[in-house]
Amino acid sequence: MTRAYNFSAGPAALPEAVLREAQAELLEWGDARASVMEVSHRGAAFEALVADAEADLRRLLAIPDDYAVLFLQGGATQQFALIPMNIAAPGQAADFVVTGHWSAKALAEAGTYVDARIAADAGAPYVALPPRAGWRLSDDAAYVHICQNETIQGVEFQEAPADLPAPLVSDFSSTLLSRPLDVSRYGLIYAGAQKNVGPAGLTLVIVRRDLLERAGQPRARILSYAEQAAQRSMLNTPATFPIYLAARVFKWLEREGGLAAMGERNRRKAQALYAAIDGSGGFYRNPVDPAVRSWMNVPFAIHEERLHAVFLEESDAAGLLALKGHKAVGGLRASIYNAMPEAGVAALIDFMHDFQERHG
Ligand SMILES: *Cc1c(COP(=O)(O)O)cnc(C)c1O
């Protein structure tokens, strides 16, 4: 068995227990006498799976009844376009808070459809969040957009910003299900699955139903949230296998104690890793404001640039995968999503100590 601890930012590690379940029923799913990948999405068995998945997700996140849950495709990037198309009138204002790579992408894409305004910009190198008091919000905005967790810079909103004049829309791609969440503070939450929810190919949208009635309806039915909500995300063939695996992840999360337990575990993992970095006497560094450090993505650098390549080679050989930082910031990054056990973080910290002793 050479399965290693995988620190990839995405597509990311999945819980081993879930992969084993999928392996055991890959050829025959339930009574289907076929794989779950080979049955009709409109058959009773698959419809029951989707209904069950939605119920489990609603329970995990305590999603209020006045929110629709959509199982879509196209990734978070497609949502950068669908959100303005669906919940704003053409050319209407929308406010964006820019805190790193992904919120900047969302802003740029929305500008094709709406008057996308920068309410605040943390500014490079994006290691802090702009204080809420300084945001310049419009009176006429259709929504306020944030990125809950900047996967590349490692900056995370610890809670929903308050006192907004328009519904809050947040990109949760790299932090959904990592801790409890007050859904009612948001108008719309979206996430590509491949960080913390399941495999690539599934995109979750949780949207307050009143926003589905808004004027700016896309002209293509397939791009319409309202149509997808009315058809239970089955306007066309959904991403059946990713939905099946995500449904297994939801069950796994419930067995692990739900999001309160996950949040405590993720807090411990992040605290241990940041403490190791901060306690290394400057050998390792994380530049992010400690108050907004991400629990999921921990970028760090070694004081000597040339050691990064050595670290990557040796860590990979030691069974610690995918620790290379995103090319936009360089250095190293450990993504420690739900599927990363505490033992994996402990193994990384041990390796970091050992590496420092040999190269410090
Ligand atoms: C990965 C990521 C994206 C892009 O996701 P795709 O599914 O590849 O479109 C967008 N936002 C955040 C915060 C991400 O982590």
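**Ground rules**

I number residues from 1 along each chain as its sequence is written, and I leave out hydrogens and water, so that side-chain values use heavy atoms. For this predicted model I ask for pLDDT of at least 70 for local features and 80 or more for side-chain atom pairs, while totals for chains, interfaces and linings use all residues.

**Entry: ligand shell**

The shell holds 13 residues, with T77, T151, D171, Q194 and K195 the closest. I sorted the shell by class and got four nonpolar, seven polar and two charged residues. In this scheme Ala, Val, Leu, Ile, Met, Phe, Trp, Tyr, Cys and Pro are nonpolar, Asp, Glu, Lys and Arg are charged, and the others, Gly among them, are polar.

I then looked up which element gives the most to the shell, and found helix α3 (residues 75–87), with four residues. Helices here are DSSP runs of H or I with at least four residues, strands are runs of E with at least two, and both are numbered from the N terminus.

**Entry: polar atoms at the ligand**

I checked for N or O pairs within 3.5 Å; within protein, a polar contact also needs one atom able to donate a hydrogen and the other to accept it, and residues adjacent in sequence count only if both atoms are side-chain atoms. A polar side-chain atom of T151 is 2.4 Å from a ligand oxygen, and a backbone N or O atom of A76 is 3.2 Å from a ligand oxygen. On the side chain of D171, an N or O atom sits 2.6 Å from a ligand nitrogen. Of the 390 Å² of accessible area that the ligand has on its own, the protein covers 86% (Shrake-Rupley method, 1.4 Å probe).

**Entry: domain record**

I found residues 5–348 listed by UniProt, in an unreviewed entry, as "domain: Aminotransferase class V"; such annotations may be inferred rather than shown by experiment. Over this range I read 32% helix and 18% strand, with the end C-alpha atoms 9 Å apart.

**Entry: R208 and S335**

I placed R208 in strand β10 (residues 203–208) and S335 in strand β14 (residues 332–335). R208 counts as partly exposed because its relative accessibility is 21%, whereas S335 is buried at 2% (buried is under 20%, exposed over 50%, partly exposed in between).

The side chain of R208 makes a polar contact of 2.7 Å with that of D210. For S335, the side-chain partner is N297, at 2.9 Å.

Notes
A residue is near a molecule or strand if one of its heavy atoms lies within 4 Å of it. Buried means under 20% relative accessible area, exposed over 50%, partly exposed in between (1.4 Å probe, protein chains only).
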